[in-house]
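This briefing goes through fold, core and side-chain contacts in turn. Please keep the sequence and the model open alongside.

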Amino acid sequence: MGSAVFYLSKEGETLDEIVWRHYDAGIRGAIEIVIEANRGIAALGPILPVGTRVLLPEIEEPKKAESLRLWD
């Protein structure tokens, strides 16, 4: 996925929207990881103030489980 980056929020943006875009339509648990990396950001409310600095850490995508075929 790359290295951690900082993002400055724009007018009307939510953290969910930023995370969704940055991590290509979402990685399960990404929002929780970003909130953990940005202590206190949840207290800012659903719409972030303009210019809020958001750390978007590197998140490894989980490996896909191999499928098991019961019948051929």
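**Fold and core of the predicted chain**

The chain runs in the order β-α-α-β along its sequence, with two helices and two strands; helices (H or I, at least four residues) and strands (E, at least two) are DSSP runs, numbered from the N terminus. The model is predicted, and local features need pLDDT of at least 70, side-chain atom pairs count only at pLDDT 80 or more, and totals for chains, interfaces and linings use all residues. Residues are numbered from 1 along each chain as its sequence is written, and side-chain values use heavy atoms, with hydrogens and water left out.

**Whole chain**

- Of the 72 residues, 25% count as buried, where buried means under 20% relative accessible area, exposed over 50% and partly exposed in between, with a 1.4 Å probe and protein chains only.
- The accessible surface is about 5,700 Å², and carbon and sulfur atoms hold 55% of that surface (Shrake-Rupley method, 1.4 Å probe; for residues, only the protein chains shown count as cover).
- Among contacts (heavy atoms within 4.5 Å) between residues at least 6 apart in sequence, 61% join residues at least 24 apart.

**Strands**

- Strand S1 (residues 5-8) pairs with S2 in the antiparallel sense over four bridges; pairing requires that DSSP finds at least two bridges between two strands.
- Val5 has Leu56 in S2 as its bridge partner.

**Nonpolar core**

- The largest nonpolar core has 13 residues, of which Leu15, Val19, Tyr23, Val34, Val54 and Leu56 touch the most other members; such a core is a set of buried Ala, Val, Leu, Ile, Met, Phe, Trp, Tyr and Cys residues joined through side-chain atoms within 4.5 Å.
- Helix H1 (15-22), H2 and S2 each supply at least two residues of this core, and H1 gives the most, with three residues.
- Val34 lies in helix H2 (residues 30-37) and is buried, with a relative accessible area of 0%.
- Not counting residues up to four places away in sequence, Val34 touches Leu15, Val19, Tyr23, Val54, Leu55, Leu56 and Pro57.
- The C-alpha atoms of Val34 and Pro57 are 6.8 Å apart, with 23 residues of separation in sequence.
- Leaving aside neighbours within four places in sequence, Leu56 has contacts that include Ala4, Tyr7, Ile18 and His22.

**Charge over a ring**

- The charged end of Arg53 sits over the ring of Phe6, 3.6 Å from its centre; the criterion is NZ of Lys or CZ of Arg within 6 Å of the ring centre and within 35 degrees of the ring normal.
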